[in-house]
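Visitor: Could you take me through a structure step by step, giving the general idea before each case?
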Amino acid sequence: MKNLLLSFISFILIGVAALVVWSLNDYLNAGSLSETKYILIERGTGVGGIAQKLKDENVISNDLIFKIASRFSKSLKAGEYEFPAHIPMIEVMKKLSDGEVFGRKITIPEGLTSFQIVKILNKRDDLSGEIAVVPKEGSLLPDTYLFSKNETRSQKIEQMQSAMTKVIDELWEKRAKNLPIKTKQEAIILASIVEKETGVGAERARIAGVFINRLNKGIALQTDPTVIYALTKGEMKDEGKGPLGRRLLRKDLQVNSPYNTYKNTGLPPGPICNPGRAAIAATLNPEKNDYIFFVADGTGGHAFGKTLAEHNANVAKWRKIRSQQ
């Protein structure tokens, strides 16, 4: 009888040991997933729901082992995850407990109009939903934004708007004194012009200083990007030939529009693009200088002048450079 009992106990122990070995093998070794999959774990999903979803998607082969293992792990986090082919269950658990979510991202460059930003969002097939109305110009902050698959385009618009509000609120408090800019909206309007006038970061504050000087003296800003906006209403062409699909012509400077800063003094009625943080910061803390003019110098930057004579000389140099291109 004693030998029988010992045999039975041994049998049970061997069975348990075999089960443990089998479970560990299933937990530690390569899984059966045949190709990379992206799985979204919704917020509020419990361990049982996560295990079932992973099993249904063939990421794991045994949901019970997964649930048992989860008791010895940190809490599992919601989000979208990338699971490569044959990922072991232990690595699945690590991803979820560490919150190693897949970083889908979309980059919005500085200086785009709201129309252009909506086009970028609409081209992404991993976003969902419609954007019913193009957002107000200057209300979206250019940046890189993370998102999960099937997040809506409207959610990204709201995130960009919230980010712009946060940035302008922060930078407004740090603005220089005695600026001819009285509201946050005026700051964004001027920053949008600064953004469109130069792609050279080091020039932003200097160009902002030029525009501040012109505003203080009551001189028209005379900036080409505002005329382009007057002609396009922000619906820029994307054919590799510039926003107009051609060069800006002298006759264009006569367009009858409040955005035409050749015909109107002061700021235009609204922004002409969505400026980035750096352009807004430069506008609110411009370089103090005596420059009134600037023109392209052929290197991607600009030549600055304090007098009309200096400016005319710089313009002559630029025309010579352009004729040789």
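Guide: We begin with contact, which means heavy atoms within 4.5 Å. This is a predicted model, in which local features need pLDDT of at least 70 and side-chain atom pairs count only at pLDDT 80 or more, while totals for chains, interfaces and linings use all residues. Residues are numbered from 1 along each chain as its sequence is written, and side-chain values use heavy atoms, with hydrogens and water left out.

Visitor: With which residues is Ser 192 in contact, leaving aside its neighbours within four places in sequence?

Guide: Those residues are Pro 271, Ile 272, Cys 273 and Pro 275. Ser 192 itself belongs to helix α7, residues 184-197, where helices (H or I, at least four residues) and strands (E, at least two) are DSSP runs numbered from the N terminus.

Visitor: How many of the 14 residues of α7 are buried?

Guide: The number is 10 of the 14, so α7 is largely enclosed by the rest of the structure. Among the buried residues are Ile 188, Leu 190 and Glu 195, and the buried residues of α7 pack against elements including α6 (153-172), α8 (204-217) and β7 (293-296).

Visitor: What span should α7 have at 1.5 Å a residue?

Guide: The expected span of a helix is 1.5 Å times one less than its number of residues. For the 14 residues of α7 this gives 20 Å, and the end C-alpha atoms are 20 Å apart, which agrees.

Visitor: How many aromatic pairs does the structure hold?

Guide: A pair of aromatic rings is described by the distance of the centres and the angle of the planes. Rings of Phe, Tyr and Trp (its six-membered ring) pair if their centres lie within 6.5 Å, and planes under 30 degrees apart count as stacked, over 60 as edge-to-face and the rest as tilted. The structure holds 6 such pairs. One of them, Phe 211 with Phe 294, is edge-to-face, at 5.6 Å centre to centre and 75° between the planes. Phe 211 lies in helix α8 and Phe 294 in strand β7, so this pair ties together parts that are 83 residues apart in sequence.

Notes. Buried means under 20% relative accessible area, exposed over 50%, partly exposed in between (1.4 Å probe, protein chains only).
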